[in-house]
Amino acid sequence: MIYIARQLIEKNNINLPFVGDVGAFRIYDDDVEDRLPENILYKKVNDEIKYPICFKNSSTNAYEFDFAGSRIGSEFILIGGPCSAESDEQIFKTAKYISSLKMKFFRAGCFKPRTNAYSFQGLERYGLELCRRACDQYDLKFVTEVKDLSNLDDVYEYADVIQVGSKCMYDVGVLRELGKAKKPILLKRHFGATLIEYAQAADFVASHGNSSITLCERGIRTFETSTRFSLDSSGIEWMKKHVDLPIIGDPSHAMGFSYGVEGLSLSMMAQGVRGLIIEVHPNPSQAKSDSSQQLNFDEFKKVKSKIEKFRNLLENVL
Ligand code: PEP
Ligand code: MN
């Protein structure tokens, strides 16, 4: 992390051109990398890429922080909810169900970054109010997605955890603003982003003062079209080794079909992810977005029970 680099720089009395303080961090100008001890603030991945990265400073992979009342990194975080908030009935039913399973996190999108201009775009501010009421009633933390700068203030007002969706990962305007936020950020990887680009997106948030960032592997686009995306298991290993932030997995978007959610959940758990985000809907076939990948309540319960059994098994292994 950048602040670790700062400590090292100061401890070693390295004289660097100073640009300014941003939150807890100190930003140095562009030509510092040549004068830094290797692999501290700037990592040279190849000759062109020399950027600060949320870099790992230990081999413990134990980075943890407050995640809306839970300790991500040490507690396993299971987040469930529909892709989109669609109606009062759908939201209250799902929140009630999630809470009946003794879960803490409810996720529903209210500003949806759809590919098709004519599909459902979300309930927007009404959806935020609705989900907030449901989460308050059922004692759940509300995770929801910011789409762009125009809805950031609204999302900030209502959410407990702010999700940056994959399509928003490159929006540095949003990332910078979230760096000033006092709430945890769930940063999804863009489906076309390299791992270095992903780590750099996290740095846009961290370098503006907010290092409560959780990464989320949700699949990348490959030549394969039979699944919606391809889960990048190698990428999870890369991030575990190089990035000092916790990672959770999103099997729903990686697969695109409900039948694969259980298998991908367990495979990512075996890789040591710190949580999962899974889509669940009272009536998936009628869902206004991501219909094929959402689990119904019974399916969700079964997957959750497998996840719990597998966690117990893994305790002796990981
Ligand atoms: C979502 O979480 O519903 C979503 C749109 O995911 P992603 O940003 O990963 O596509
Ligand atoms: Mn979705």
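This is a predicted model: local features need pLDDT of at least 70, side-chain atom pairs count only at pLDDT 80 or more; totals for chains, interfaces and linings use all residues.
1. Four residues coordinate the ion, at 2.0 to 2.4 Å: Cys83 through SG, His253 through NE2, Glu279 through OE and Asp290 through OD. Along the chain, these donors follow the spacing C-x169-H-x25-E-x10-D.

2. His253 sits in helix α8 (residues 251-255), while Asp290 belongs to the loop between β14 (275-279) and α10 (297-315), so the pair ties together parts that are 37 residues apart in sequence. Both His253 and Asp290 are buried.

3. Next, please turn to ligand 1. The residues around this ligand include Cys83, His253 and Glu279, which are also among the donors to the manganese ion.

4. Some polar distances to oxygen atoms of ligand 1 are worth checking on screen. An N or O atom in the side chain of Arg218 is 2.6 Å away from one, a polar side-chain atom of Glu279 is at 3.1 Å, and for the side chain of Lys112 the distance is 3.2 Å. On its own, ligand 1 exposes 290 Å², of which the protein buries 92%.

5. Finally, have a look at helix α7 (residues 233-242). Its buried residues are Gly235, Ile236, Met239 and His242. Viewed down the helix axis, they fall within an arc of 150 degrees, so they line one face of α7. These buried residues pack against α6 (195-206), β12 (213-217), β13 (247-249) and α9 (261-270). On the face turned away from the buried side you will find the exposed residues Ser234 and Lys241.

Methods. Residues are numbered from 1 along each chain as its sequence is written. Chains are lettered from A and ligands numbered from 1 in the order in which they are written. Side-chain values use heavy atoms; hydrogens and water are left out. Donors are N, O and S atoms within 2.8 Å of the metal (3.2 Å for Na, K and Ca); water is not among the atoms, so sites may look incomplete. Helices (H or I, at least four residues) and strands (E, at least two) are DSSP runs, numbered from the N terminus. Buried means under 20% relative accessible area, exposed over 50%, partly exposed in between (1.4 Å probe, protein chains only). The arc is that of the directions from the helix axis to the C-beta atoms. Contact means heavy atoms within 4.5 Å. A residue is near a molecule or strand if one of its heavy atoms lies within 4 Å of it. A polar contact is a pair of N or O atoms within 3.5 Å; within protein, one must be able to donate a hydrogen and the other to accept it, and residues adjacent in sequence count only if both atoms are side-chain atoms. Accessible areas come from the Shrake-Rupley method with a 1.4 Å probe; for residues, only the protein chains shown count as cover.
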